[in-house]
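Hi,

Here is the structure I promised to pass on.

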Amino acid sequence: MKKHNFSAGPCVLPKSVMEQAAAAVLNFDDGLSLLEISHRSKPFVDVMENARSLALELLGLEGKGYKALFLQGGASTQFLMVALNLLEKRAGYLNTGTWADKAIKEAKIYDDIYEIGSSKSANYNYIPKGYDIPEDYDYFHCTSNNTIFGTQMKSFPNSPIPMVCDMSSDIFSRQLDFSKFDLIYAGAQKNMGPAGTTLVVIKEDILGKVSRKIPSMMNYKEHISKGSMFNTPPVFAVYVSMLTLEWLKNLGGIKAIEKENEKKARLIYSEIDLNPLFKGYSVKEDRSIMNATFTLENENLKETFESMVKEAGINGINGHRSVGGYRASMYNALSLDSVKALVEVMSELESKA
Ligand SMILES: *Cc1c(COP(=O)(O)O)cnc(C)c1O
């Protein structure tokens, strides 16, 4: 039976990418596996260079002073790397979810952090708006999509200071003016590839302004000067990310996938709104097109619903423990048919109840 994978991360990847990745594990170059050749060999250096330039190309950032890096340690390591490289006196953070809160906690180790806005007291069911970004801060940090709560920033401020954004769960999913951002980071496993690498896109001229000494592995400049090969990169994760970026480019890039993502989101949210058995978690205007969070109005239907879900081959829709209910993660590689399958189960539940 066809599986419908709504996993929040690691998540669904395109089947063609899986097939190419599997083949490369067996034979990538002249009978050797991708996993057993030198990362300094020409075939792998080409992979890294291709992945880096595809990332910039898809974001429309080529020739604009940006560099792309594929690092390790997940987005969680970026929480502290951002602070180490950019924080001199004070930075402003928008606290829109668990991940933003963790980013704040790590940055606080180094210096003063000010929460410019927060929706923590409402358990993050909306995005704060109407905040001011002080001009004398070092940078402003925000999270474009709140994976756990299903909220998404629909617009971004014109920041007078460098703007840093954790785009782990919606990078390459919608068109934005990416040149508004000075540093973008994203763990690969949500919308780009397997776990093990993190894409960091940096405007080079924001670096080199802090007085502290930065350990080499934590230093963006070091990674840039070594072409994202300061040490052995996660070869498999970078390769699969490259394949996914190629897949996206062949589909027509972000513009094309955004249309699909909007169709998927419209379908699920209209079911959530029209079906009296369900209610959405986040406020309507801030709803994420990547992660739709919802609950059952009547908990007595839980068992029936979940067994129907299972029967339909639907996987990974349990909500995060801090929200409860359900979360349908609809990343780029999830097909509209999978969302249709879920919506059918939801309406079938209604006709049964
Ligand atoms: C998953 C996630 C993270 C954490 O990513 P890791 O790669 O596991 O460290 C950070 N931010 C957001 C928005 C996420 O969705």
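This is a predicted model: local features need pLDDT of at least 70, side-chain atom pairs count only at pLDDT 80 or more; totals for chains, interfaces and linings use all residues.

Let me start with T232, which is partly exposed, at 46% relative accessibility.

T232 sits in the loop between α6 and α7. If you skip the neighbours within four places in sequence, T232 touches H39 and Q72. N231 is in the loop between α6 (220–225) and α7 (235–251) too, and is partly exposed with a relative accessible area of 31%. Leaving out neighbours within four places in sequence, the contacts of N231 are H39, Q72 and M217.

Why look at these two? They are both in the "binding site" set that UniProt lists in an unreviewed entry, along with A75, S76, W99, T147, D166 and Q189.

Now for the inside of the protein. In soluble globular proteins, nonpolar side chains tend to be buried together. Here the largest nonpolar core has 54 residues, and F44, F140, F172, L199 and V201 have the most contacts inside it. The biggest contribution to this core comes from helix α2 (residues 42–59), which gives nine residues. There is also a second, separate core of 30 residues, with L69, A75, A83 and L87 among its members.

Beyond its neighbours within four places in sequence, F140 is in contact with a list of residues including G92, L94, Y131, P157 and M163.

Last, a sheet. Three strands form an open sheet in the order β11-β12-β14, paired antiparallel. β11 (278–280) and β14 (326–329) are the edge strands, each pairing on one side only. On average, neighbouring strands in this sheet are turned by 35° against each other, ignoring direction. β11 and β12 (residues 291–296) are joined by three bridges, and K279 has T295 in β12 as its bridge partner. Helix α8 (residues 253–274) packs on this sheet and touches β11, β12 and β14, with its direction at about 20° to that of β12.

Cheers

Definitions and conventions
Residues are numbered from 1 along each chain as its sequence is written. Side-chain values use heavy atoms; hydrogens and water are left out. A nonpolar core is a set of buried Ala, Val, Leu, Ile, Met, Phe, Trp, Tyr and Cys residues joined through side-chain atoms within 4.5 Å. Buried means under 20% relative accessible area, exposed over 50%, partly exposed in between (1.4 Å probe, protein chains only). Helices (H or I, at least four residues) and strands (E, at least two) are DSSP runs, numbered from the N terminus. Contact means heavy atoms within 4.5 Å. UniProt positions are given in the numbering used here, feature names are shortened, and annotations may be inferred rather than shown by experiment. Two strands pair if DSSP finds at least two bridges between them. Axes are lines fitted to C-alpha atoms, for helices over the stretch in contact, and angles run from 0 to 180 degrees between N-to-C directions.
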